[in-house]
Amino acid sequence: MTVHKPFETCVVVGLGYIGLPTSVVIARAGINVVGVDINTRTVDAVRAGRCPIEEPHLPEALAAQVANGRIIAQTMPALGDVFIIAVPTPFTGGYKPDLAYVEAATRAIAPVLRPGNLVIVESTIPVGATELVARWIEDERGDLICPQRGSDFEPDIYVAHCPERVLPGQMLRELVENDRIVGGLCPSSGQRVQEFYQQFVSGRCHLTDARTAELCKLSENSFRDVNIAFANELADICEEFEIDAGELIALANHHPRVKILQPGPGVGGHCIAVDPWFIVSAVGEKARLIREARWINSERPRQVVRKVLDKVAAGGIRSIGCFGLSYKPDVDDLRESPAVEVVAHLAKELYLSGEDIEIRVVEPYIDELPKELRGARGVRLVDQECALASDAILMLVNHKQFCEIPASRVERKAVVDTRGVWRSRALAQRPRVKLATLNARSEARIAARAAASLSP
Ligand code: SAJ
């Protein structure tokens with residue numbers, strides 16, 4: 001039986017939204033971490049104990065681990081026992097995954113790898129990419145034997161995919177408590193990587209093969225995307241029937257086996273709006289439902305803009321207060337945010353139609369407008385009170401502080417509430433059944449009763 005040495009040093013490549021909190025959790029378990037990033041500003045910040053990203057409790061936790069020397073940061077990989085790749089995997093123009101960062105990170109660590117090392121890909125990757133990582137290592141290092149898919153020989157380097165599954169805003173807790181999927185390129189890679197995660201994860205570490213782990217991660221995010229698309233479609237259906245979608249979904253969710261998500265202005269962030277394409281681009285027609293859901297959700301921002309323009313067309317609107325820009329509530333992250341897309345598109349449409357309407361944006365998590373909105377005509381970043389004083393209100397992100405705004409503050413205004421924050425207002429204003437929808441007999445009865453009650 002091979003006796004392995006303990007995990008003393010872990011090299012984390014990519015000090016971003018996943019790499020940084022992961023480094024902290026590993027360091028807290030007593031393992032030394034060498035954080036590697038090509039961005040010198042990020043490296044300088046971490047060295048100084050400053051956290052370059054917004055995440056609850058991360059700044060203090062990072063500062064503590066840097067101060068006690070457990071985490072160091074540099075631009076070049078160092079020797080270690082475990083190598084974690086946590087770099088972005090965006091998609092190219094044709095919705096195909098772009099593995100350039102994963103490849104560059106793999107080739108960068110190859111020169112320092114030694115027999116017995118673990119190489120773990122945490123980045124979200126398309127099916128088959130862990131196999132490519134093994135090939136890239138062998139390309140660079142003819143002296144090392146990597147596993148092949150399902151191989152049963154003992155490799156020099158253990159290679160596995162262990163997708164991150166944490167929710168931004170809850171990272172430090174979820175990194176420890178969530179179950180993990182460990183997809184080994186061969187069984188011994190899986191076992192070795194499972195032993196590593198068990199050092200700092202209290203959730204269960206489920207063993208599988210690399211391809212299953214890759215598709216598992218993509219399926220989790222696609223499941224959520226499809227469910228949100230269903231909620232968005234339901235919201236449209238509810239509008240048709242003059243029903244409040246929030247009430248409907250809350251009631252349906254009382255069924256023990258129903259869990260519908262919430263409609264909104266679209267799906268943002270760089271996971272759920274991206275990952276389903278990794279499946280669609282690989283299997284085409286076999287992923288019809290996943291693709292359709294993606295279209296439904298990506299159409300959403302334009303739909304919101306059309307609703308606002310309808311209100312504008314009704315007249316009397318000189319200013320629109322837009323509430324929120326982040327991709328979801330209570331975070332500062334504006335990446336792939338549907339709210340930003342809505343405001344940018346709205347500004348463009350108003351400009352094209354020659355309307356001179358001020359767009360007042362309130363976003364408590366930022367100090368300046370993102371580049372997509374800088375220079376957009378009529379768009380200003382304002383405080384909450386100024387936005388509330390607008391003629392029309394567009395609720396885009398249900399930040400806690402926005403949810404505290406009483407419905408009475410917006411009562412007399414034109415409101416487009418994409419998050420159901422003022423649901424009670426919507427319910428109060430829900431039109432009674434229109435006479436036009438009653439049948440002729442009912443109309444006649446109502447008229448007869450009215451006539452009777454008027455007669456002396
Ligand atoms: N959204 C809705 N309605 C909902 C829930 C979300 O419109 O009912 C929108 C949000 O406003 C946001 C987007 O969807 O724009 C995504 O937000 P999210 O909270 O659903 O997910 P993310 O992108 O922050 O994190 C997801 C998580 N995946 C799942 O919950 C299956 C997280 O666990 C993953 O680690 C992360 O993607 C990732 O990195 O892949």
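## The ligand site and the main nonpolar core

In this predicted model, an oxygen atom of the ligand sits 2.8 Å from a backbone N or O atom of G268. Taken alone, the ligand exposes 760 Å², and 89% of that is buried by the protein.

| Residue | Protein atom | Distance to an oxygen atom of the ligand |
|---|---|---|
| G268 | backbone N or O | 2.8 Å |
| R165 | polar backbone atom | 2.8 Å |
| R419 | side-chain N or O | 3.1 Å |

Let's step back to the whole shell. The ligand is surrounded by 21 residues, and the closest are E164, K217, N221, R224 and Y327. By residue type, the shell around the ligand splits into nine nonpolar, eight charged and four polar residues. Which helix gives the most to this shell? That is helix 8, spanning residues 210-241, which supplies five residues.

The largest nonpolar core holds 41 residues, and I84, F196 and Y197 have the most contacts inside it. Helix 1, covering residues 19-28, gives the most to this core, contributing five residues.

Leaving aside residues up to four places away in sequence, I84 touches C10, V11, V12 and V13, along with T22 and I26. I120 and E122 are also among the residues that I84 touches, and so are F196 and Y197.

Notes. Residues numbered from 1 in each chain as written. Predicted model: local features only at pLDDT ≥ 70, side-chain atom pairs only at ≥ 80, totals over all residues. Heavy atoms only, no water. Near = heavy atom within 4 Å. Polar contact = N/O pair within 3.5 Å; in protein donor to acceptor, adjacent residues only side chain to side chain. Areas by Shrake-Rupley, 256 points an atom, 1.4 Å probe, with all protein chains shown as cover. Helix = DSSP H or I, 4+ residues; strand = E, 2+ residues; numbered from the N terminus. Nonpolar A, V, L, I, M, F, W, Y, C, P; charged D, E, K, R; others polar. Core = buried A, V, L, I, M, F, W, Y, C linked by side-chain atoms within 4.5 Å. Buried < 20%, exposed > 50% of the residue type's maximum accessible area, 1.4 Å probe, protein only. Contact = heavy atoms within 4.5 Å.
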